[in-house]
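Here's a quick tour of a two-chain model, starting with one chain's fold and moving on to where the chains meet.

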Amino acid sequence: MTSSFVSKRAFLGREARLGLWLSAPIILIMGGLVILPLIVTVVDSFFRVEPMKMGTPFVGLRNYIALMTDPNVLQSWTNTLVYVVISVTIETLGGLAAALLLNRSGSARRWLLAIVILPWCLPPVVNAIIWLWIYNPSYGLLNGLLQSVGLISENQVWFNDRFTGLVLVSVVHAWRMMPLTAIILLAALQSIPFTLYEAARLDGATPWRQFSLITLPLISSGLAIALSQSTVFAFNLFDEAWILNGSSMDTRSIMVQVYMMAFQNLKFSLGMALSILAMIASLAVSALYVLRVYKETRFD
Amino acid sequence: MRRLGFYLGCAVLILWSLGPVYWSLVTSLTPPNALVSDQLHLWPQQITLEHYGKLFGATSTSQGNEVQSVWPQFSRALFNSVLTSLLATVVTVVIAAFGAWAFVRLRFPGRDTMFVLIVATLGVPAYTVMIPLYRIMIGAGLVDTYLGVTLIYVSAFLPLALWLMRSVYQAMPLSLEEAAWLDGASKLYTLVRIVLPLAGPGLMATAILTFLSAWGQFMVPLVFSPTLSTKPLTVLIPEFVTRNYVDYGLMNAAGIVAIVPPALLVLFLNRFLVQGLMAGASK
């Protein structure tokens, strides 16, 4: 960096002062609205903070212990885990298939890409409402289609069954998030030199061997990014579960649980403790992916 | 054979991506009594603008009775959505355009620590800070104000915007700016007159991504925009459910209206959008 413009007059040079001025709004906004609240969240999770009760006594780990034994919290964890497993699977397999198709689509790619990316761009709430109507027990498209091909004989109330409900919420979430995985993987696919495939074809490698020996290893870093993205987003699933099935325990995600605790039952500190646990869990799982994928695909 | 598989795959992909949106559009154009028929029609038998009439009309008739339209609430929420999304986009892009350049081209104390810290907050989900934020906003009297909602949006989208703009500036040759400096232009002048015009596509991508995120927000306004004075479409539309009966035609019509701005962006500006996403995903 050139520093020939730095004047020696002031305590900080001109360049430094300009830099601080330009980053001042960032410091103020991020410091005041993200970092400070984050510190407050961590600190307050060791106190009892409830607007309906007097005082904020120090309670140590009691909030966290209470969370370990709360049956609603435990079920929300299970639900969230199911969401993560199902949606990450759909997004990764579907996203990979979409990326491979897009990569081969030539001149139509621009339009195909626009179509594929559309669900990701729409408000999650609107997506959920569209699917709510598709899942409607009496007049929904899903019942209608399944009946017309003879898979079911009468209308199903889909959210009566807990597991079906979890799958249906995951599908809506995966419908929205799959484009992101597809784009990340497409970017990775486009960075693979074409000559590698030509060489493999000359050596008589089958398409499957080309895929598993060239494509997969070379997109592994993209795959790691896509996996951790989709995991974090699935952990944070809120809109879809809330719109499709409200606060029902059957499909309550950990985020819905945080919302219920903090803003419906006004147990602020419990909600804060739970939100910290959720953040740690989602970051830990996504870090795990990144490490795994990197380790398995090292070339040395 | 492989060609056939390719086309089949594309057909499935298109059906999966557009099918639900198409179905919502059909629903929004179907008369209410046809919506509750046992017969499933994949194409609308007759088209009606009745549901849109309820959204946009002063009053409308439903099955012979005059009903109150939702236009007063709907128009207000639409206005709120547009205003908060645009405000958040403009503020985020302006701050990121100048800030990211400072992070790349200027040397000042704490620069690198600050950048790492800010990008690290990408890993902090919104709800982790939401409860203290709620108390801060109540204390500052900013709950249910445009300023409050905009500030929260900006704080949520700024890290990604900074990340994108930094990669844009890093890809620009320093020689351009150095030439201007040698001619005696100030650093700020160089940024505004030479660097920013060249960063157009990057700014565009950042703006689109920010707008889309703001437009789709639900949980933040659910907490911070409790009344119609700032309530956006995303919070209003689900409330059509909680009336004594669920008006799916109305909800789908409102949903289609909420889909229009993002759909237009995808249709006309997908180039920038995809570039932005690809840049955001790579290191």
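Helices (H or I, at least four residues) and strands (E, at least two) are DSSP runs, numbered from the N terminus. By that rule, chain A has 13 helices and 0 strands. This is a predicted model, so local features need pLDDT of at least 70 and side-chain atom pairs count only at pLDDT 80 or more, while totals for chains, interfaces and linings use all residues. Residues are numbered from 1 along each chain as its sequence is written, chains are lettered from A and ligands numbered from 1 in the order written, and side-chain values use heavy atoms, with hydrogens and water left out.

| Property of chain A | Value |
|---|---|
| C-alpha span along principal axes | about 75 × 70 × 35 Å |
| Radius of gyration (over C-alpha atoms) | 25 Å |
| Buried residues (under 20% relative accessible area, 1.4 Å probe) | 51% of 300 residues |

Now for the interface. On the chain A side, 88 residues are in contact (heavy atoms within 4.5 Å) with 91 residues of chain B. Together the two chains bury about 8,200 Å², with 81% of that on carbon and sulfur atoms; this is accessible area (1.4 Å probe) lost on being put together, summed over both.

The rule finds 2 salt bridges across the interface (a side-chain nitrogen of Lys or Arg within 4 Å of a carboxyl oxygen of Asp or Glu). A:Glu15 pairs up with B:Lys187 in a salt bridge, with the closest N and O atoms 3.2 Å apart. Helix H1 (residues 14-44) of chain A gives the largest share of the side touching chain B, 22 residues.

Key
The radius of gyration is taken over C-alpha atoms; the globule rule is 2.2 Å times the number of residues to the power 0.38. Buried means under 20% relative accessible area, exposed over 50%, partly exposed in between (1.4 Å probe, protein chains only).
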